[in-house]
Amino acid sequence: MADFETPALTEFQLVPHIKKGSMAHSQTFAAKPEFQEDLGFPGELEEGWEDVAVKKLGELTTKYRGLKVFLDSCVKCGACTDKCHYYLGTADPLNMPVARQDLLRSVYRRYYTFAGKYFPWLVGARKMTKGMLDKWYCYFHQCSQCRRCSVFCPYGIDTAEISMAAREIMDAVSVGQKYCNEIIGKVYKIGNNLGLPEKALVNTLEGLEEDVKDETGIDVRFPVDQAGADVLLITPSADFFAEPHIDGLIGYGKVFHQAGINWTLSSHASEAGNFGMFIGSYENMRRVALRIREAALDLKVKRIVVGECGHAWRVAYSFWNTLIGVGHGGNDPYAKALQQQLDPNYPAPQHIIELTYDLIQKGALTLDKSANDDQRVTFHDSCNVARASRMGTMPGGQFVLPREVIKSSVNHYFDMAPETIHENTFCCGGGGGILTDDLIEIRVKGAQPRMQALMDVVQEYDVNYLAAICAICKSQFSKVLPYYKFPMDMIGSVHGLVSNAIQLGAKQ
Amino acid sequence: MSAIEVGGKSIEVDEEGYLADRGDWTEEVATIMAKEDDCDLDSNHWEVINFLREYYEEYQIAPAVRVLTKAIGKKLGADKGNSKYLYELFPYGPAKQACKYAGLPKPTGCV
């Protein structure tokens, strides 16, 4: 196992004394030149890269007005300093959101503000140098873009936007991360983050049909590429591959079956995840999303439903409208064609939680809660769902709906402490392109605040099931739970609980 | 690029120890990779490794965890067809550690 100490869980969440440079050694593997080039970035750091980086920064502050406001408006009040899970878990002062932002802000000041240009020493303005670039690479890959700090910032400064901009600038001079960029390349070549080809997808789904039949005696189908289906399900490829994700997929299949919804997956768009957002690249985010539009048009579906994936829901909810025409705003002929094609009686896009919730409200599903009587459940709000999107029609629906779906499926439900859930939720520690083995130390340490809150409900209520609606959260928790002496299989899908409770067959 | 020494020959691996070229794989390669992790491969490990290689040959990807547990359950008995058993064999995670010894690329994504 890796050579570092897992933070201790204590009686209550402590704010640690700073330990300067305690995570300065953290290095995520760099993307090879061929992966960079696949994404439209240069392969090698070239002479004069500093000018390219500074120019790119200027371009981004013009293109994204929010970024400029965030860079200009910080007053160093310190409200964010103890809000980041990575600071709480590592004590490295550069993991305080304000300090992380300042790595980029100081460069912005040097080149784009009057005071910084002429009196850099007065305003903490710094030059773009190789040393600075290395610091960016280190510390902007210790940010999961979860936006908890922005909830507490009196100006609403969003570190995620700054972290995305920093990664985009680094990519513009060839410095990219292997994990994210290799994965985006796989989506272009094969259609999903895993690199799961159509034949393997079909084989895996046939296996699932057999398993569900063995278990329930019912023919629940997991169709692929069925033209004319009403619903296209876009779900993270981890749902086909990993545990406990696949229990969620089985749950979606059972819900569709029982509600009589004609649905399909697509082998062309077999990925909900969109790592283009993590690296701040609008072009790559669009290119990844376009596959979904292509599939939706080809299969002539009426609705697009998104599976349990946190950042995918942010992309879908906040960007798909203008990116590809799912929702209103897209202005090219294909976006318009898709808007014409989709059924306006349903939200576009719709989250699987919204779909299941609506069916439960209508009484279309029979759920036997006692099937989950061995589970004592709590729910982890995923950062991108909690702070960057919504579900349903009421404010805060993204907090209410998943809990209502869970409570309809289980008898024993307990929330974690209020300062750690809803919009205050702590990141799992693996979001935003951090979910890679080369960053295991920051992942384990960053999980500490969530583990602390979990321990409290385990001790108080004997909770033994941590439910989540994000593929990254599920994989991250499977990996880090054992570091904190929790069983790894304590993490599960929300639709895994639905899957256990749902009564298949004719309605009573 | 790093490399491992197998039978006097240097074989290229990536930063995480996965083979750079799948064609370089031999049983000896698997044994040596496992030794580096203090793991002695027994016949149960080999059942998993061989299944992974067969599956990859046909589908160009490692099998899903569920596909793997089902296949191993059929081969080694129902009590062994579960993730818990596979984690006992491959404590770093069956998908990743076993893929490495089998000479397959590391599964990527949110897994």
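Strands here are DSSP runs of E with at least two residues, and helices are runs of H or I with at least four; both are numbered from the N terminus. This is a predicted model: local features need pLDDT of at least 70, side-chain atom pairs count only at pLDDT 80 or more, and totals for chains, interfaces and linings use all residues. Residues are numbered from 1 along each chain as its sequence is written, while chains are lettered from A and ligands numbered from 1 in the order in which they are written.

E1 (residues 2–6) and E2 (residues 9–13) of chain B pair in the antiparallel sense over five bridges. Strands count as paired if DSSP finds at least two bridges between them. E1(B) and E2(B) form a hairpin with two residues between them. Pick B:Gly7 in the turn: its phi is positive, about 55°.

**Across to chain A**

Show the contact between the chains. 28 residues of chain A are in contact with 16 residues of chain B. Contact means that C-beta atoms, placed from the backbone, lie within 7 Å. Select H11 (178–189), H12 (198–216), H13 (238–241) and H23 (471–480) of chain A: these helices each give two or more residues to the side that touches chain B. H12(A) gives the most, with five residues. By class, this side of chain A has 15 nonpolar, eight polar and five charged residues. Nonpolar covers Ala, Val, Leu, Ile, Met, Phe, Trp, Tyr, Cys and Pro; charged covers Asp, Glu, Lys and Arg; the others, Gly among them, are polar.

**All of chain A**

Zoom out. Chain A has 24 helices and seven strands. Its C-alpha atoms fill a box of roughly 75 × 55 × 40 Å along the principal axes. Buried residues make up 56% of its 508 residues. A residue is buried if 20 or more other C-beta atoms lie within 10 Å of its own, exposed if 12 or fewer, and partly exposed in between, with C-beta atoms placed from the backbone.

**Domains**

Colour chain A by its domain assignment: domain 1 (42–175), domain 2 (188–354) and domain 3 (365–501). The bounds come from an automatic or database domain assignment. The C-alpha centres of domains 2 and 3 of chain A lie 22 Å apart. Between these two domains, 31 residues of domain 2 are in contact with 31 residues of domain 3. On the domain 2 side, select H13, H14 (245–259), H16 and H18 (352–361) of chain A, which each supply at least two residues. H14(A) has the largest share of that side, 10 residues.

**The sheet**

Select strands E1 to E4 of chain A. They form an open sheet in the order E2-E1-E3-E4, with parallel pairing. E2 (263–264) and E4 (350–351) of chain A are the edge strands, each pairing on one side only. Two bridges join E1 (residues 231–234) to E2(A). Find A:Leu232, opposite A:Thr264 in E2(A).

**The core**

Stay on A:Leu232. In the largest nonpolar core, of 182 residues, A:Leu232 is among those that touch the most other members, as are A:Ala467 and B:Leu52. Such a core is a set of buried Ala, Val, Leu, Ile, Met, Phe, Trp, Tyr and Cys residues joined through C-beta atoms within 7 Å. Helix H16 (residues 310–324) of chain A gives the most to this core, with nine residues. Finish on A:Ala467. Not counting residues up to four places away in sequence, A:Ala467 touches A:Val377, A:Phe379, A:Ile406, A:Gly492, A:Val494 and A:Leu497.
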